[in-house]
Amino acid sequence: MRDACVGIVGCSRVSSHHCRSIRATPGVALAAVCDLVPERAASFGRDFSVPHFTSYHDMLRSVPEIDIVTIVTPSGMHFEHAADVIRLYRKHVVMEKPTFMRSSQAAEAYAMADAAGVRVFPVFQNRFNRAVQRVKRALRDGELGDIRLVSVRVRWCRPQRYYDLAPWRGTFAQDGGALTNQGIHHVDLLRYIGGEVVRVNATMRTLGADIEVEDTVVATFTYATGAIGVLEITTAARPDDFEASVSLVCSKGLAQIGGNAVNELQIFTPDPSACAEWSEDFSQEIYGRGHPEIYRSIVATLAGGTAYPVSREDCMRTIGLLHAFYRSDEAGGWVEVSGNRESARLGRPNEKLASLYRYSAAGA
């Protein structure tokens with residue numbers, strides 16, 4: 001059986017990590033890359049010794065053996081790009097964070113994939129971190145007891161020059177703010193580790209940059225179990241990134257995961273010696289080691305061996321929780337998470353911006 005061939009759409013820093021992860025994973029092979037910027041596409045093509053293109057339409061016509069397309073474009077374009085790949089070319093898609101900007105887009109993408117006989121693979125790589133897995137196991141096995149309080153704290157620095165790098169940055173249509181761009185993995189871990197959140201109360205502000213989206217959010221929330229939580233995410237810290245942590249106060253102990261990508265088990269009272277064993281050094285790879293696990297899971301899923309670890313419902317619930325925080329800020333108080341109701345702001349259409357990142361279908 002031949003390796004599954006992967007094409008990359010969007011050549012960015014995280015795209016290079018995808019390319020290296022594909023190269024490191026048996027059963028998949030990097031087949032081609034594309035980007036709207038010719039120089040960027042050519043650079044990736046040289047670095048990874050694969051054909052490069054400036055349109056995924058050209059890429060998929062020229063390299064028809066591609067089975068999987070990884071979408072690493074501005075967040076607000078994920079749905080349009082994935083829809084083209086699924087409908088026109090019947091390829092599986094790997095969706096970088098936040099997968100899709102709106103729940104309705106996710107639902108439609110999954111429906112299109114069902115009709116085309118292909119799969120949607122969301123990327124939430126921090127779930128695979130050893131520290132996260134150790135805490136998850138401790139909760140499952142009762143080492144920590146019942147969750148009483150969950151705290152998320154992200155204090156990072158994204159100055160104006162970061163947002164000025166591209167027109168899509170700092171916009172509700174294409175990016176989302178600190179919660180969607182930087183905080184989405186922590187939002188996902190609230191569910192993955194703690195269970196389903198049922199109500200949220202969020203306040204958002206823009207304090208450190210001239211952008212339309214939030215760079216600071218504080219929120220409280222409640223779980224279906226009765227546990228409570230607090231979230232603080234900001235990119236208005238100066239002058240550096242300082243902290244990114246998830247902590248759990250439980251009936252039998254406390255666990256805290258930190259590091260630059262929730263890769264360090266910093267506190268684990270049931271067995272303090274586990275902290276060193278279950279921590280990982282991500283200093284040489286800021287995106288961590290979860291992406292190879294994602295591609296290994298994709299290989300296993302396509303071979304019919306196992307279910308992909310992020311299900312359709314799982315993905316939809318994380319996007320729904322993300323939108324609940326925005327809806328709460330818009331409503332000025334508590335909102336229910338259920339129902340996949342959407343924010344009025346996050347992912348709203350902006351055709352002028354979208355036109356900057358649309359791949360030409362000429363000749364398709």
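**Entry 1: H4 and H5**

I began with the residues that join two helices, and found that Phe-79, Ala-83, Ile-86 and Arg-87 of H4 meet Gln-105, Glu-108, Ala-109, Met-112, Ala-113 and Ala-116 of H5. I note that the model is a predicted one. By class, I recorded seven nonpolar residues, one polar and two charged in the contact of H4 with H5. I then looked up the geometry: the axes of H4 and H5 (residues 103-116) lie 9 Å apart, at an angle of about 10°.

**Entry 2: H8 and H11**

I next turned to H8 (residues 184-194) and H11 (residues 312-331), whose axes come within 10 Å and cross at roughly 115°. The two helices, H8 and H11, are therefore roughly perpendicular to each other. I recorded the crossing of H8 past H11 as right-handed. On the H8 side I listed Ile-184, Val-187, Asp-188, Leu-190 and Arg-191; on the H11 side, Asp-314, Arg-317, Thr-318, Leu-321, Leu-322 and Phe-325 make the contact. This contact of H8 with H11 holds six nonpolar, one polar and four charged residues.

**Entry 3: the largest pocket**

I looked up the largest pocket and noted a volume of about 1,400 Å³. Its lining comprises 40 residues, of which Val-14, Lys-97, Tyr-162, Arg-169 and Tyr-287 are the closest to the centre. Helix H1 (13-23), helix H4 (78-89), H8 and strand E11 (243-250) are the elements that each give two or more residues to this lining. I classed the lining residues as 18 nonpolar, 13 polar and nine charged.

Technical notes
Residues are numbered from 1 along each chain as its sequence is written. This is a predicted model: local features need pLDDT of at least 70, side-chain atom pairs count only at pLDDT 80 or more; totals for chains, interfaces and linings use all residues. Side-chain values use heavy atoms; hydrogens and water are left out. Axes are lines fitted to C-alpha atoms, for helices over the stretch in contact, and angles run from 0 to 180 degrees between N-to-C directions. Helices (H or I, at least four residues) and strands (E, at least two) are DSSP runs, numbered from the N terminus. Angles under 35 degrees count as roughly parallel, over 145 as roughly antiparallel, 65 to 115 as roughly perpendicular and the rest as oblique. A crossing is left-handed if the near helix is turned anticlockwise from the far one by less than a right angle, and right-handed if clockwise. Contact means heavy atoms within 4.5 Å. Ala, Val, Leu, Ile, Met, Phe, Trp, Tyr, Cys and Pro count as nonpolar, Asp, Glu, Lys and Arg as charged, and the others, Gly among them, as polar. On a 1 Å grid over the protein atoms alone, a cavity is a set of points where a 1.4 Å probe fits but cannot get out, and a pocket is an open set with protein on both sides within 12 Å along at least five of seven lines; lining residues have an atom within 4 Å of a point. Grid points are joined across faces, edges and corners, and a volume is the space filled by probe spheres set on the points.
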